[in-house]
Amino acid sequence: MSLNSIFQFLVPKDKKFFPLFEQASSKLIELAETLHEAVNVPSSERENYYIRIEELESAIEEITHKAHLELSLNFITPFDREDIHSLIKSIDNVADYMHSAASKMKLYQVDKITKSIRKLTEINLEACQLIGVGIKELKDMKNQKAIKDTCKKINKLESKADSVFDKAVADIFENESDAKNIIKYKEVLSALESASDKCKSVANVMEQISVKHS
């Protein structure tokens, strides 16, 4: 058992880091919901969704900064310092890629949303909701199986996203003759697929923390 783990028996319940994790995961879920909603409305109605996504990404970035600041100020942490850094950073990375997808849709004026784009935003939303579940389970650290099962579900979603992405890219090259459209759709799809990869990274960190405390 590490020195940091021993100290956990001697200090009050964490009131600094888990509130930040919960805030970040809550904002992440809202961002994923907003992005999924954006791709399911007409292009003329998306602007407000893009603005909200920008706000949510900035909010998560600020929460990440606060977590890093708390790390520099606090000697005792609920679990290993490097794991705290990895967890909050990996959540921030998911937000970055979903924000990137929205930014590319706006910048490249992607008016027609494909089924693959909608499916990837749906997969990312489900994965982000599971991240929220995992964060709540980590707070208590009483149900290791629930954490493991949650992480396994996120990993399956990431594999599903890979399949959707591969098929979507193949379809673009087969059916799209306009080089500009090929580039802009592939850029959006790549950002969404990368977001699912980062969801898997969050799951890996959560599972690693759980194993250390089992």
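Colleague: Among contacts in the protein chain between residues at least 6 apart in sequence, what share joins residues at least 24 apart?

Modeller: The share is 83%. Keep in mind that this is a predicted model.

Colleague: Which elements does the protein chain contain, helices or strands?

Modeller: Read the count, then the order. There are seven helices and zero strands. From the N terminus on, the run is α-α-α-α-α-α-α.

Colleague: What percentage of the residues is buried?

Modeller: Buried residues make up 46% of the 214 in the protein chain.

Colleague: How far apart are the mean positions of the positive and negative charges?

Modeller: Average each set, then take the separation. The protein chain has 31 positive and 35 negative charges, and their mean positions are 4 Å apart.

Colleague: Now the rings. How many aromatic pairs does a search of the whole structure find?

Modeller: Three. For each pair, read the centre distance and the angle between planes. Take Phe 18 and Phe 21: their ring centres are 5.3 Å apart and their planes stand at 90 degrees, so this pair is edge-to-face. Over 60 degrees is the cut-off for that label.

Colleague: Why are Phe 18 and Phe 21 separated by about one helical turn?

Modeller: Because they are three residues apart in helix α2, which spans residues 17-38.

Colleague: Are Phe 18 and Phe 21 buried or exposed?

Modeller: Buried means under 20% relative accessible area. Phe 18 has 4% relative accessibility, so it counts as buried. Phe 21 has 0%, so it counts as buried too.

Colleague: What kind of aromatic pair do Phe 21 and Phe 79 form?

Modeller: A stacked one, with 6.0 Å centre to centre and 15 degrees between the planes. This pair links distant parts of the chain. Phe 21 sits in helix α2, while Phe 79 lies in the loop between α3 (47-73) and α4 (81-107), 58 residues apart. Phe 79 is buried, as is Phe 21.

Colleague: Which residues form one aromatic cluster?

Modeller: Phe 18, Phe 21 and Phe 79 do. Phe 21 pairs edge-to-face with Phe 18 and stacked with Phe 79.

Terms used: Residues are numbered from 1 along each chain as its sequence is written. This is a predicted model: local features need pLDDT of at least 70, side-chain atom pairs count only at pLDDT 80 or more; totals for chains, interfaces and linings use all residues. Side-chain values use heavy atoms; hydrogens and water are left out. Helices (H or I, at least four residues) and strands (E, at least two) are DSSP runs, numbered from the N terminus. Buried means under 20% relative accessible area, exposed over 50%, partly exposed in between (1.4 Å probe, protein chains only). Contact means heavy atoms within 4.5 Å. Lys and Arg count as positive and Asp and Glu as negative; His and the chain ends are not counted. The place of a charge is taken as NZ of Lys, CZ of Arg, CG of Asp or CD of Glu. Rings of Phe, Tyr and Trp (its six-membered ring) pair if their centres lie within 6.5 Å; planes under 30 degrees apart count as stacked, over 60 as edge-to-face and the rest as tilted.
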